[in-house]
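Colleague: I have a new model on screen and would like to learn to read it. Could you walk me through it feature by feature?

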Amino acid sequence: MVRHWLLVSFRLLGILAGWFAVSLPAHAVAGLHQAVFDVTPEVQAMFRALGSLGEVALVIGLLVAAMSTLPRWRGADRLVWHRFAAVFWLFGAAALFFAAIPAMQSAAAMSMAVHGVPSLLFFLAVFVLFLAMNRRGGHQRYADAFRTDTGFALVASGWIAFLVVLVAVPIACAWSLVWNRSGSGWSGLFTGLESLTSVRYWSLGCLGGDGACGSAVNSIVLGTLVATLAGVLGVTLALFVHRAGVSVRRSVAVLACLPMITPPFLVGFGLAQLFGKAGLVSSVLEALFGVTSTRWFFGAYGVAMAQVLVFFPLAYFMALHALDSLGRAQIDAAKYLGASSADVLRTVVFPVLRDPLAVAMLVIFVESLSDVGNPLVIGGKLRVLPSELFYSSSSELAANAMTGVPALLLVAIALAMTALKDYVAGRPALPETATSSGEPGQCDLPPVLSWSSGTVLVVTTLLLTGVYAAIGIGAFSEGGKVFAPLTLDNFSRRFGFSLAAGGLELTGSAWDSLLASLWCALLVAPVGGVVGLVMIWTLQRVGKPSARFVGNLSSYFFSVPSVVIGAGFMLAFGSLGLSDPGAWLMIVLAILIRNLAICLRFGDIAMSRLDPSQLEMSGLLGAGSVTTFLRVATPTLRPVFVVCVAYGFIRSMTTLGSVLLLSSAENQVATTFMIDRIGIGEFGVGMAYGVVLAGCVGAVLLGGWLLMSAHRHLPGWGHVVADLKAAIVLAEKNGVRGVAR
C-alpha cells in the first residue's frame with residue numbers, strides 16, 4: 001500500500017514538474033518586460049507578422065494531421081506524423097502568444113481575449129503534444145519492465161515546448177522582421193525572399209576582380225577552407241600520435257585541449273601579436289631578412305589561421321579514436337598479403353578515417369560559421385555573416401530592417417550542414433576486427449609521411465606555445481606590445497583593489513563583469529548537467545519512438561548558431577525593453593541553451609555505459625524509476641556528470657556569440673568586456689583579462705576537484721580525460737540520437 005502511494009506521488013510530482021516547465025517560460029515572457037509606452041511601428045509590424053506566421057503554422061499542423069489519416073500510413077508512421085503536427089501547433093500557438101505581448105502590455109486590466117486566449121491555445125497545444133508523446137506505435141513483443149509514465153511523457157513535452165519558445169520563436173521573429181520589411185502579406189513575403197538573395201550576401205565580385213564577395217559567400221568559402229585545413233591537420237597529428245608513446249599522447253592531448261577552453265578570439269589576438277604588422281615574427285623577419293611588415297594578417301588569412309587552431313582538436317580526437325579502434329588483425333592481414341605501408345594506409349586506414357573525418361569537418365564548418373569573435377577582432381574588412389549580423393543588430397532596430405537576413409541565412413546553412421552530418425554519421429560503419437589479445441593495430445607510416453607529420457606536430461606545438469606566450473607577455477607589457485617595457489598597469493587599472501576598514505574593496509572596473517560571469521557559470525554549469533542527465537533518463541523511459549523523435553528534434557534545435565540565438569532573444573525580448581533582472585535572465589538562458597547540447601551529449605555517453613539488463617532487473621524487482629535512477633544509474637553517471645559540469649563551466653566562462661548582442665554597459669560578462677577593451681585599443685587590458693580569466697577558471701576547477709576528492713566522489717584525472725575525449729568524439733558523431741539506438 002505504501003509503495004502504491006509512493007508511486008502515485010512520484011507520478012504526480014512528475015506531472016507538476018512538467019507543467020511548471022511548460023508554464024514558466026510562457027508566463028515569464030510578459031512579466032519580464034517593463035511597461036511599454038512607445039513601441040515603434042516597426043516592432044508592432046514585426047509582431048503582427050509573427051502572428052501571421054503562427055497562423056500559417058497552425059494550418060500546416062492541420063494539414064499534417066489530415067495526411068496522417070490516410071490509409072497508406074502504418075501505425076508507427078502515423079504516430080510520427082501526429083507528433084510533427086503537434087509540434088507545428090505548438091510553434092503556432094507560441095508565435096501567437098508572443099504576438100499578443102504588445103496587447104498584453106497595453107491592456108489596462110486582465111482580459112480573456114487578450115491574456116486568456118493565447119495562453120489557453122498554448123497549453124492546449126502542449127496537451128496535444130503530450131497525448132502524442134504518451135502513445136506508443138506498433139506492438140510490443142516482450143513485457144516492458146519500464147512502462148511509459150505519464151510524468152515522463154509530460155516532461156518530454158515540456159522540453160520540446162521549452163526549445164520551441166526559446167529557440168524557434170526568436171528565429172521566427174527574425175523571419176517576421178524580414179517578411180515585414182516593406183509591407184505585409186504577399187508583397188512583404190516576396191520582398192523578404194528578395195532580400196535573402198541580395199547581392200550583398202551572394203555577390204561573386206571578388207572572383208571577377210570588380211568588387212568584393214558577399215558575406216554569405218565569404219562565410220561558406222571560409223568555413224570550407226577552415227574545415228579542410230583543420231581536418232588535414234587533425235588527421236596528420238593523429239597519424240603521428242597513434243604510433244607514439246604514452247607521454248607524447250598526454251602532452252598532445254593537453255595541447256589540443258587548450259584551444260577548446262580558451263575564448264576563440266583570444267587565440268586570434270595572440271596570433272596577431274605574432275604575425276601582425278608590429279608582431280614578433282614580423283619584426284624578426286624584417287630585422288633579419290628585410291621583409292617589409294604589412295597588415296596581411298588582418299583579414300581572411302588571419303581569421304582562417306585562428307579558426308584552424310581553435311577547431312582542429314575535434315578532428316584530431318575523432319581521427320585518433322578511429323585509429324585506436326582499428327584492429328591489429330586487419331593490419332597484419334594486409335601485411336601478410338604483401339601490402340606496403342602506403343597500401344595499408346590506402347586500403348585499411350583511410351577507409352576507417354573517412355566517415356569520422358567527414359563528420360568532424362562538417363561540425364567544424366558549423367563552428368566556423370558561428371564564430372563571431374575572430375572576424376570582429378582580426379577580420380579587418382572581411383564581411384561574414386556573423387559580423388554582418390552583429391553590426392546590423394547593434395544599430396537601431398527601427399532604422400535597420402536587414403537584421404533578420406543574416407540570422408536566417410546562418411540558420412539555413414547550419415541546418416543543411418547538420419542534416420548532411422547526420423546522413424554521414426548514420427551510414428553503416430566498417431566492421432571492426434579484433435584479435436583475441438585485444439591489441440590495437442599500429443600502422444607503419446611511409447618515411448616521407450612520418451617525417452612530415454612529425455614536422456607538423458612540432459610546428460603546431462611551437463605555434464600554440466607562441467600564441468599563449470604572446471598573450472602572457474602582452475598582459476604584463478605597456479599597451480600589450482611584445483617589445484614594450486613590463487608593467488602591472490594593465491592589471492591595476494581594471495583589477496585594482498584596496499584594503500579599507502571594512503575589508504577588501506574592489507576598485508577596478510572589470511570586477512563586475514568577472515564576478516557576473518562567475519555567477520552565471522556557477523549557476524548554469526550544474527543546472528545544465530542535471531537537466532541534461534535527467535532528460536537523457538527521461539528519454540530512456542518514454543520509449544524508443546519518442547526518444548528518437550525528441551532526440552532528432554533537439555539536435556536540430558541545438559545546431560542553431562549561438563550568435564543567432566542572441567540576436568533572436570534581442571528581437572523577441574529586447575525590442576520591448578527588458579528590466580535589469582530580465583536582461584540577466586536572458587543572458588543566463590542563452591548560455592544555458594548553449595550548454596544543454598553539450599550536457600545532453602555527455603549524458604548520452606554516460607547512458608551508453610549502463611547495462612540494460614541491470615535496468616530491466618531493477619524494474620522487475622519492483623523498483624520505481626526514482627529508485628532505479630538513484631541506486632543503479634547514478635553511480636555510473638557521477639563521473640560523467642563531474643566532467644559535464646566542469647566542461648560546461650568552462651564553456652559558460654568563454655562563450656561570446658550568444659551573449660554579445662544581449663550585453664550592454666550595465667550587463668556585461670567577461671568575454672564581452674574583453675572584446676570591448678580590444679575594440680577600443682586597450683590590448684594589454686584585454687590580454688590581462690584573459691590571464692585573470694584563465695586563473696579564475698583554474699582556481700574554481702581546482703577547488704571543485706579538491707572538494708569532490710575529499711568526499712571520494714571524483715574519478716582520477718585519467719578517467720576524466722577519457723570521458724572528455726569520448727564525449728567529444730562520440731557525441732559530436734551521434735548527437736542526442738544515441739539514446740534511441
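Colleague: Start with one residue. Is Ser 219 buried or exposed?

Modeller: Some ground rules before that. This is a predicted model, where local features need pLDDT of at least 70, side-chain atom pairs count only at pLDDT 80 or more, and totals for chains, interfaces and linings use all residues. Residues are numbered from 1 along each chain as its sequence is written, and side-chain values use heavy atoms, with hydrogens and water left out. Burial is a cut-off on relative accessible area: buried is under 20%, exposed is over 50%, partly exposed lies in between (1.4 Å probe, protein chains only). Ser 219 has a relative accessible area of 5%, so it is buried.

Colleague: Which helix holds Ser 219?

Modeller: Helices are DSSP runs of H or I with at least four residues, strands are runs of E with at least two, and numbering goes from the N terminus. Ser 219 sits in helix H10, residues 215-242.

Colleague: What does Ser 219 touch?

Modeller: Contact means heavy atoms within 4.5 Å. Leaving out residues up to four places away in sequence, Ser 219 touches Leu 369, Val 384, Leu 385 and Pro 386.

Colleague: Now Ser 368. Where does it lie?

Modeller: In helix H16, residues 341-370. Ser 368 is buried, because its relative accessible area is 5%. Beyond its neighbours within four places in sequence, Ser 368 contacts Leu 222, Gly 223, Val 226, Gln 307 and Phe 311.

Colleague: How many salt bridges does a search of the whole structure find?

Modeller: The criterion is a side-chain nitrogen of Lys or Arg within 4 Å of a carboxyl oxygen of Asp or Glu. The search finds five. One of them pairs Glu 367 with Arg 594, with the closest N and O atoms 3.5 Å apart. That pair links distant parts of the chain: Glu 367 is in helix H16, Arg 594 is in helix H25 (residues 580-608), and 227 residues separate them. Glu 367 is partly exposed at 25% relative accessible area. Arg 594 is buried at 19%.

Colleague: Which residue does Arg 494 meet in a salt bridge?

Modeller: Glu 682, at 3.0 Å from N to O. This pair also links distant parts of the chain, 188 residues apart: Arg 494 is in helix H21 (residues 489-494), and Glu 682 is in the loop between helix H29 (670-679) and helix H30 (683-710). Arg 494 is buried at 15%. Glu 682 is buried too, at 17%. Glu 682 also meets Arg 677 in a salt bridge of 3.6 Å, N to O. Both Glu 682 and Arg 677 are buried. Elsewhere, salt bridges with shared partners join Arg 200, Arg 383 and Glu 388 into one network.

Colleague: Where is Ser 663 found?

Modeller: In the loop between helix H28 (657-660) and H29. Ser 663 counts as buried because its relative accessible area is 19%. A polar atom of its side chain lies 2.8 Å from the backbone oxygen of Val 659. The Ser 663 side chain also reaches the backbone oxygen of Asn 667 at 3.4 Å. Not counting residues up to four places away in sequence, Ser 663 touches Ile 587, Gln 668, Val 669 and Thr 672.

Colleague: Finish with the whole chain. How many helices and strands are there?

Modeller: The chain has 31 helices and two strands. Of its 741 residues, 53% are buried.

Notes:
Polar contact = N/O pair within 3.5 Å; in protein donor to acceptor, adjacent residues only side chain to side chain.
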